Amino acid sequence: MKKIVIVVAILLISSLILGGCAGPPEEPGVPRVPTMERPSEVNLGVVTCMTGGAAIQGQQMALGAQIAVDYINANGGIKNYDGAKLKLFVGDNQSLPDPGATETERLITQEEVVVIMGTNMHSAPTMVQCQKYKTPFLGTCMGAQIDKNFDWVFRDFLSIEGADDLVFGFVEYCTEKFGEGPKSFGVLNNDGDWGLNTRSIMRNTVPGHGYEFVYDDIFPFGGVTDFSSYLIKIKAAKPDFFEISMCSPDHTYFTQQLFDMKIDFPYGLLSLGCACEMEDYYATVTPEMVEYMFVHEDCNIWIKHEPYYDYLNDLVEAELGVPLDAYMLSGYSGVWDVKDALERTPYHHTIGVFRSSLRDALIETDISEENCPDRITLPNGATFCPALVRGIERVKFVHGSEPGSKYWTNPYNHGQISQRINDERIPVYPRFLHPEGKPDIVWPIPSWSER
Amino acid sequence: MAEQVTAALVAGILLGCLYAVVAMGLSLIFGIIRVINFAHGSMFMLFLYLGFFLWHLFGIDPYLSIIIIVPVAFAFGYGVQYVLVRPMFLREKAYVLEPLGVLLLLAGLELVITNGVLLGFGGASRGIVGSSISGVIHWGFIIVSRPRLIVALVGIGLSFGLHWLMNRTELGNRIRAVGQNREASAICGINVHRIYAITFGLGCAVSAFGGCAMLPFYTLVPGVGMGLAIKAFIIVVLGGLGSVRGALLGGIIIGVVEAVGGQFVPGTMAVIISLVIFLIVILAKPKGLMGLIEV
């Protein structure tokens, strides 16, 4: 008994002595940055389509991210880590689902990236890997539905649920303004995650809004060279309003053959973006083929009038020979979102702890024109907030709208609807985006024979 | 509904002819040399890009560009067989009908061509707008695109032309002889590797011919050939190895099933139905519909 008392006493005294050697308790709210352990480099990952059918979009996304990284590195790096540089690793999902999973795993386990950004296509496998390895995934361009338990996933991109709110809001606005509107809807979606997710939501929501659902089909993504059989079926269904989700080259074939067959949608054709957000698509069709087409744009198409347009456009054209578009901006602004979070993230040499702290910082993100720590000054003296270049008002994450959702989404990233009028894409909805002096919504749409 | 199905039937025949145009070149190579040309899709894409740039840079109409591209494609195919594939055959010490190395070599060539084009020209979509023939023909409720009708006619013409070449000419006899028995042909004095090179070149030239006809409405991206090549493999096996008329028949069957089936089920399901029909035909007739060689 005496021995036990002595041992316990020694343990107690030892713990008191060791406890006294510890530093002062941390002040709440002050980041704990170990002074001796600051990184010289922080690895970031982008998983996107560098090859395959969606390569043009993916390459722009990766380029946008690299432009942002280069700028940050040339202007002092991450100040929170005494100017540590960012290093970008790009994973190629080859525009296919499976390679995305292995590439994401490679970046996380071998390159030790602290965050994965992406993906312009097939984001589901990347999300699964990020959740598995507890690495933040910042989706700046993604169409897949997010598992509501994926608490490492952040979406700074318009949600499909939000997109449909925008579509129905637009249709109802036009119906009220012009006194007439569609009674029936038709949809044709691709069989990728974006298309299937859109289809599922439309099937659930169209009847709920009081419209008859007269056509609903899916096509093999990137695998159709002739839409005749689909168009024959669409013609027979006679939808008043038609929605499609297509990339190139599918969209071009559909547009050309729709024009050939002169099928009228009295209240319009709405494309959910992808191909028709890119200039190369418009080079493969004639202006009359796309006149009056509505497009759900991912970002602000009036960017040409923004002060930073020339600065960013010159960088993209020099590298890829194509004009600036939404995909480049999604990669670019994503890096600035991460940079903002890193400046608030305490470094830890254990990668898992570091990733967890970065996730916490992303949750606290709140960037707006009024609260933008990283502004870029242009040669003409104008400044802009690089995290907001896509025309969104704010970057702030909240849980998804589905009950019990644990993933994070930016509700301020809503996109916009444009209409092609006189060979120009003009933002028409939300209404505050419509530029003064430009033609307004054409509704109903003139039939092909009247044009 | 009858009108809808009839219109879909016509659309399916046109689509099937388009598939057949891509499949015919593959059928020749597959059936005679007994090599699965994994690079067929990327080679097809390469010829399309060549046609596009002839139009883009020099204003040459895609239909006219046939006289430039077809000889180039023949020379390209001849070169690939003679320079890359032939050494793989010669390396085999024992008699090997289909050297595995050739499959890997051609799969590698596919990657090189596709990614080379991606690197060289970028991933942007390209297409010819405003070729010499455009518009549609109305036959009552049936609407047919003129450029697509031309592709169908080219497909039918090529199948008859190649059938004549293979069955009515000395060269065709030699090609068929080599396809049936390589060693026996060599004993009879036929230069097997020259015939292989000619066949490979012919396969590429046929694809290029069809590709030029497709250019007025076709959209180019570096990966455009792969999807068509996969479909072409199915059609070649369905129609019968080495049979160009089989390729046409196989293409039309697949096209019609996809188009007509698509009127009753979702588009992706119609594609599955066409594959089920393919499996049934192969189980019942392993040589394919018109083939000489068992799969």
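This is a predicted model: local features need pLDDT of at least 70, side-chain atom pairs count only at pLDDT 80 or more; totals for chains, interfaces and linings use all residues.
Local features require pLDDT of at least 70 and side-chain atom pairs count only at pLDDT 80 or more, whereas totals for chains, interfaces and linings use all residues. Residues are numbered from 1 along each chain as its sequence is written, chains are lettered from A in the order in which they are written, and side-chain values use heavy atoms, without hydrogens and water.

The contact (heavy atoms within 4.5 Å) involves 33 residues from chain A and 34 residues from chain B. Between them the two chains bury about 2600 Å², 59% of it on carbon and sulfur atoms; buried area is the accessible area (1.4 Å probe) lost by two parts on being put together, summed over both. One salt bridge is counted between chain A and chain B (a side-chain nitrogen of Lys or Arg within 4 Å of a carboxyl oxygen of Asp or Glu). It pairs B:R148 with A:D226, whose closest N and O atoms are 3.6 Å apart.

The largest nonpolar core contains 123 residues, and A:L188, A:F227, A:F254 and B:M214 have the most contacts inside it. Such a core is a set of buried Ala, Val, Leu, Ile, Met, Phe, Trp, Tyr and Cys residues joined through side-chain atoms within 4.5 Å, buried meaning under 20% relative accessible area (1.4 Å probe, protein chains only). Beyond its neighbours within four places in sequence, A:F227 is in contact with A:L188, A:F219, A:M246, A:D250, A:Y253, A:F254 and A:Q257. Another core, of 108 residues, lies apart from the largest one and includes A:Y81, A:F89, A:C174 and A:M278.

Methods. Buried means under 20% relative accessible area, exposed over 50%, partly exposed in between (1.4 Å probe, protein chains only).
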